[in-house]
Amino acid sequence: MSTARGRLVSVEYRPYDPATDADGLYACKRAFERGLGENTGGATKAAVYDGKLTDDYRRRWLDWVDRCVADDPDCVTVAVDAADVVGYVFSLPERLAFIWDAAVLNELYVAPAHRGTGVADALIEAAIAVAAEQDLPLDRLVLDVDPANERARAFYDRHGFEPWGEMVSRPVP
């Protein structure tokens with residue numbers, strides 16, 4: 001048990017179920033993407049991230065999640081409070097390990113009302129457990145985190161993550 005905004009909560013952690021969790025997972029995904037845009041790059045980045053969140057993007061992203069879950073049913077863990085998805089962690093399936101020669105933590109999100117309650121800790125432990133079961137070229141779990149996101153950096157530092165290169169990007173014509 002933990003508290004979220006002054007109320008006692010009992011959060012369930014379980015593998016994502018496309019039949020019951022798709023709407024809640026995508027609501028969290030939208031919040032995750034909007035948070036990336038708003039909090040790590042100013043108005044221009046926020047507009048780019050918000051602009052991609054179309055109905056077509058939703059369909060394509062959920063289809064991709066379903067393909068990943070078909071490969072590894074535990075690759076997406078949801079945190080559920082009173083039937084609402086309040087967070088998730090998405091680790092790429094083992095067959096995609098050669099992308100970074102390691103296990104890849106694709107996304108971790110917790111709704112603001114549940115931050116600081118231990119939900120993120122439980123989700124990161126789920127991701128670490130998924131990685132531990134994978135046959136990896138390098139025994140590492142990697143993720144991309146914006147250096148300007150101090151809250152996320154502190155969270156990952158607390159869980160034993162350390163810098164491992166730096167990601168850069170450019171537009172594709």
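β4 and β5 are antiparallel neighbours, paired over six bridges; two strands count as paired if DSSP finds at least two bridges between them. The model is predicted, so local features need pLDDT of at least 70 and side-chain atom pairs count only at pLDDT 80 or more, while totals for chains, interfaces and linings use all residues. Residues are numbered from 1 along each chain as its sequence is written, and side-chain values use heavy atoms, with hydrogens and water left out. Helices (H or I, at least four residues) and strands (E, at least two) are DSSP runs, numbered from the N terminus.

**Strand β4 and its partners**

- β4 and β5 form a hairpin with two residues between them. Ala-82, in the turn, has a positive phi of about 55°.
- Strand β3 (residues 12-15) is joined to β4 by four bridges, and the two run antiparallel. Arg-14 stands opposite Val-78 in β4.
- Six of the six residues of β4 (residues 76-81) are buried, so the strand is largely enclosed by the rest of the structure. Buried means under 20% relative accessible area, exposed means over 50%, and partly exposed lies in between (1.4 Å probe, protein chains only).
- In a regular strand the side chains alternate between the two faces of the sheet.
- In β4, Val-76, Val-78 and Val-80 are buried on one side, and Thr-77, Ala-79 and Asp-81 are buried on the other.

**Aromatic rings**

- The structure holds six aromatic pairs. Rings of Phe, Tyr and Trp (its six-membered ring) pair if their centres lie within 6.5 Å; planes under 30 degrees apart count as stacked, over 60 as edge-to-face and the rest as tilted.
- The ring centres of Trp-61 and Phe-90 are 6.4 Å apart and their planes are at 75°, so this pair is edge-to-face. It links distant parts of the chain, with Trp-61 in helix α3 (residues 55-71) and Phe-90 in strand β5 (residues 84-91), 29 residues apart.
- Trp-61 is buried at 6% relative accessibility, and Phe-90 is buried at 0%.
- Trp-64 and Phe-90 form a tilted pair, 5.0 Å centre to centre with 50° between the planes. Trp-64 lies in helix α3, 26 residues from Phe-90.
- Trp-64 is partly exposed, with a relative accessible area of 26%.
- Tyr-26, Trp-61, Trp-64, Tyr-88 and Phe-90 form one aromatic cluster.
- The charged end of Arg-140 sits over the ring of Trp-164, 3.9 Å from its centre. A charge sits over a ring if NZ of Lys or CZ of Arg is within 6 Å of the ring centre and within 35 degrees of the ring normal.

**Helix α4**

- The 15 residues of α4 (residues 119-133) should span 21 Å at 1.5 Å a residue, and the end C-alpha atoms are 22 Å apart, which agrees. The expected span is 1.5 Å times one less than the number of residues.
- The buried residues of α4 are Val-119, Leu-123, Ile-124, Ala-126, Ala-127, Val-130 and Ala-131. Seen down the axis, they fall within an arc of 150°, so they line one face of the helix. The arc is that of the directions from the helix axis to the C-beta atoms.
- These buried residues pack against β3, β4, β5, β6, β7 (141-142) and α5 (150-158).
- The face turned away from the buried side carries the exposed residues Ala-132 and Glu-133.

**Trp-100**

- Trp-100 is in the loop between β5 and β6 (103-110), and is partly exposed at 47% relative accessible area.
- Leaving aside neighbours within four places in sequence, Trp-100 is in contact (heavy atoms within 4.5 Å) with Val-142 and Met-167.
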